[in-house]
Amino acid sequence: MEKIGKEKRLDEFLISSETRDSPTHGEKHSSLFTWTGHPFTDAGLVALLLLSGKERPDELTEEDINRAIDFASKLYARKEWSSGYIHAMMLPNSGILMANPSMSKKRTPEAVKTNLLALLSEEEDPNAPVCEICGRRHARPKPVYRSDFPLVGTGGVPNYFPSGKDGANICSHCLFLAQMMPLVAYRLSRVLVIHAYPYELMLEFHREAVEDVKKTELASVARDFRRPENFLFEKLIDIGTRLETGKLEGASITLYSFVNNNQGQEIDVIYIPNPVLRFVAFAARVDRKGWNNIVSMGWRRRPREEEVEEFKKRYPNNVYSRLLSGESILPYFIDLQNRKANSSWRLLSFYCSEVLGLDKEALEFIKGVADRIVETIEKLPDNKLSRRVRELERAEKLYQFEGFFIRVEKDRQEFGIPEALMSFDDFARILTSYGEDLNVSWKTVKNLLLFRIYEKLHDRLMKAASEEAGESEEAEEEFKEGEE
Ligand SMILES: [Zn+2]
């Protein structure tokens, strides 16, 4: 994971986000709203943009904003949204959205709308501190509490807030945007916001939520997914199939999965490393069947075909969690039990170069060694072939791994195959030069070799395995007979 390389440098990032946000004729900060990098206000902005069919904050007109307020107020005045969602999960006792249970009698779409409009026409107090989110306006004179902005604490109870004081200094416009967030957030067991850069990508990830709200007039339940990361990986693949390759260079995604109510305030922040993002987005494109095989091996037990959808929605998957924590998923590319490669070599190579940072030349070198191993051991009779491969499969210690090469070299000499399996330099390289790098240790090489061997010799290996199974059954029977 050390090799990041493709991330945008900070100065580049600042320059390009500046030009992206400002209108083409150079009037900086003229638009009412702007991207801030804060997940909750950016989510609100996404709601305004998606409802108006726009892409950039400076394209939003007053009419767009009014229409979005109308749309939101009608929904928010309903019980399902007010007590069932806003009060229960996001903004407990909200006065602005009138989700406070004591306000239920007075709550109407008009009243909610009046409150939202009031935020946008609120006068700035020049003596108030600058807004901690956008830095463009003065904050409201009184600190904002968690009933109006998620997770900023209330009274003497601070939450996820850097200075640990009660409430946050937030301007009326940022506060307004946070009130739009319920329209685009996904409702799992907690609330999910997928914050992405470039911001256009965030629109892609939340488009489905707005479509759901328009269709059902209820908050999107993310196709009944229970786990935010499973949902994200599924969406990444949907989006990846439509994106041009290279579109995700330098992209970043962070999941905010939170709950903010009177019982508790909690948040999980899940960052998706860029190489992982690019790999998953294009994995299905390169080899969908292979990717599905790999994911299937990540559950505690392999799902039957009709169970796959349910597993995807409900259960934690080791492939996902390893990708997120920067661990290698190479072992999932092979199915040791069925002596089978789970994907095409192309997907494997894509993973090795995108995520493990293994260079193409090293990969080709290992492939070459694997091909010479195949060329040798395929001359062995089935039972010996199977046994030789098992030696590699069972190599847990480096000396066992070395032993495998020595035996193949002997096979090679017996068959009179010209040229050695490897030169001394090759041997040293495979065993030692990758030894220091955790991601490319000899175990990585072992998995790559097995992948190639399975790819080439799967049928014969399975035939040998079934014969062996038959033999041992016979042997057992004989034994039993002998016992009697
Ligand atoms: Zn602000």
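**A loop residue, then the sheet**

Modeller: Let's start with Leu421, which sits in the loop between helix H15 (398-414) and helix H16 (424-433). Keep in mind that this is a predicted model. Is Leu421 buried or exposed? Buried, because it has 20 C-beta neighbours inside 10 Å, and the cut-off for that label is 20 or more. Leaving aside residues up to four places away in sequence, Leu421 touches Arg372, Ile373, Thr376, Phe405, Val408, Glu409 and Arg412. Take Phe405 from that list: Leu421 and Phe405 are 16 residues apart along the chain, and their C-alpha atoms are separated by 8.2 Å.

Now over to the sheet. It's an open one of 4 strands, in the order E1-E2-E3-E4, with antiparallel pairing. Strand E1 (186-187) and E4 are the edges, each pairing on one side only. At the E1 end, E1 pairs with strand E2 (residues 191-197) over 2 bridges, antiparallel, and Arg187 has Val191 in E2 as its bridge partner. Helix H7 (residues 199-216) packs on the sheet here, touching E1 and E2, and its direction makes about 150° with that of E2. Helix H4 (residues 79-90) lies across E1, E2 and E3, running at about 100° to E3.

A hairpin of 4 residues links E3 to E4, and Ile253 stands opposite Ile272 in E4.

How values were computed:
Residues are numbered from 1 along each chain as its sequence is written. This is a predicted model: local features need pLDDT of at least 70, side-chain atom pairs count only at pLDDT 80 or more; totals for chains, interfaces and linings use all residues. Two strands pair if DSSP finds at least two bridges between them. Two residues are in contact if their C-beta atoms, placed from the backbone, lie within 7 Å. Axes are lines fitted to C-alpha atoms, for helices over the stretch in contact, and angles run from 0 to 180 degrees between N-to-C directions. A residue is buried if 20 or more other C-beta atoms lie within 10 Å of its own, exposed if 12 or fewer, and partly exposed in between; C-beta atoms are placed from the backbone.
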